[in-house]
Amino acid sequence: MSFLRKVLYEGDSNFNGKVRVEDMFGVRKLIASDFTQSRSLNSQGNSEVYWDAFITLAGEQSKNASILILGLAAGTGASMLRKKFPDATIDGVEIDQVIVDLGKKYFGLGKSRINIIVTDAKDYVATTKKTYDLVYLDVFIGGVAPSFASEDSHFEE
């Protein structure tokens with residue numbers, strides 16, 4: 001079925017290795033090291049994948065909630081959080097500028113009123129003075145989560 005898939009971008013990233021954006025029947029996917037990192041949303045604003053469960057687990061937040069996304073990628077979670085919490089302040093941390101640029105070009109990331117911070121999530125958490133009502137953790141390099149993502153000390157910070 002590869003003849004139905006259109007590759008919109010192929011390149012390399014220092015953090016994620018081989019990266020591509022593909023479109024198949026109007027669904028765009030950002031794939032890094034053979035793992036889907038982001039995808040476009042359907043007409044109801046859902047991903048039809050595990051991101052939907054994350055949004056359900058976010059529960060209810062105050063109108064002016066402050067949300068931190070660790071592992072922004074091309075913005076799947078950010079777009080869904082923006083839809084659910086239209087007035088929230090959302091900071092998205094992504095280590096890979098290549099991924100952010102692809103998010104802006106192919107997934108509308110620059111239009112979703114997200115404060116984009118390009119840095120390492122572990123460093124950001126260790127140094128920020130901000131506090132957040134909700135933290136959305138989705139840090140992966142390819143299919144592997146960095147070890148800090150499961151450390152108790154990281155969750156305490």
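## The largest cavity

Gln37, Ser38, Trp51, Ile69, Gly71, Leu72, Ala73, Thr76, Gly77, Ala78, Tyr136 and Asp138 line the largest cavity of this predicted model, where a cavity is a set of points, on a 1 Å grid over the protein atoms alone, at which a 1.4 Å probe fits but cannot get out, and lining residues have an atom within 4 Å of a point. The space in the largest cavity is about 40 Å³, a volume being the space filled by probe spheres set on the grid points, which are joined across faces, edges and corners. The count of cavities of 30 Å³ or more comes to one.

Strand E4 and helix H2 (76-84) are the elements that give two or more residues to the lining of the largest cavity, and H2 gives the most, with three residues. Helices (H or I, at least four residues) and strands (E, at least two) are DSSP runs, numbered from the N terminus. By residue class, the lining of the largest cavity divides into six nonpolar, five polar and one charged, with Ala, Val, Leu, Ile, Met, Phe, Trp, Tyr, Cys and Pro counted as nonpolar, Asp, Glu, Lys and Arg as charged, and the others, Gly among them, as polar.

## Basis of the model and overall layout

Residues are numbered from 1 along each chain as its sequence is written. The model is predicted, so that local features need pLDDT of at least 70 and side-chain atom pairs count only at pLDDT 80 or more, while totals for chains, interfaces and linings use all residues; side-chain values use heavy atoms, with hydrogens and water left out.

The protein chain has five helices and eight strands, and from the N terminus on its elements run β-β-β-β-α-β-α-β-α-β-α-β-α. Of the 157 residues of the protein chain, 42% count as buried, where buried means under 20% relative accessible area, exposed over 50%, and partly exposed in between (1.4 Å probe, protein chains only).

## Strand pairing

Strand E3 (residues 27-32) and strand E4 (residues 35-39) run antiparallel and are joined by four bridges; two strands pair if DSSP finds at least two bridges between them. Ala32 has Phe35 in E4 as its bridge partner, and in the hairpin of E3 and E4, which has two residues between the strands, Ser33 takes a positive phi near 50°. Arg39, which is placed in strand E4, is buried, with a relative accessible area of 8%. The C-alpha atoms of Arg39 and Lys29 are separated by 4.3 Å, although these residues are ten residues apart along the chain.

E5 and E8 pair in the parallel sense over four bridges, and the bridge partner of Ile67 in E8 is Leu134.

## Nonpolar core

The largest nonpolar core has 18 residues, and those with the most contacts inside it are Ile67, Ile69, Leu81, Phe85 and Ile90. Such a core is a set of buried Ala, Val, Leu, Ile, Met, Phe, Trp, Tyr and Cys residues joined through side-chain atoms within 4.5 Å. At least two residues of this core come from each of H1, strand E5 (66-70), H2 and E8, and the largest share, three residues, comes from H2.

## The aromatic pair

One aromatic pair is found in a search of the whole structure. Phe54 and Tyr136 form this pair, which is edge-to-face, at 5.4 Å centre to centre and with 70° between the planes. Because Phe54 lies in helix H1 (residues 51-57) and Tyr136 in strand E8 (residues 134-137), the pair ties together parts that are 82 residues apart in sequence. The rule applied is that rings of Phe, Tyr and Trp (its six-membered ring) pair if their centres lie within 6.5 Å, with planes under 30 degrees apart counted as stacked, over 60 as edge-to-face and the rest as tilted.

Phe54 is partly exposed, with a relative accessible area of 30%, whereas Tyr136 counts as buried at 6% relative accessibility.

## Positive phi in two loops

Most residues other than glycine have a negative phi. Ala73, in the loop between E5 and H2, has a positive phi near 50° and counts as buried at 8% relative accessibility. Arg113, in the loop between helix H3 (97-107) and strand E7 (115-118), also has a positive phi near 50°, but counts as exposed at 54% relative accessibility.

Definitions and conventions
On a 1 Å grid over the protein atoms alone, a cavity is a set of points where a 1.4 Å probe fits but cannot get out, and a pocket is an open set with protein on both sides within 12 Å along at least five of seven lines; lining residues have an atom within 4 Å of a point.
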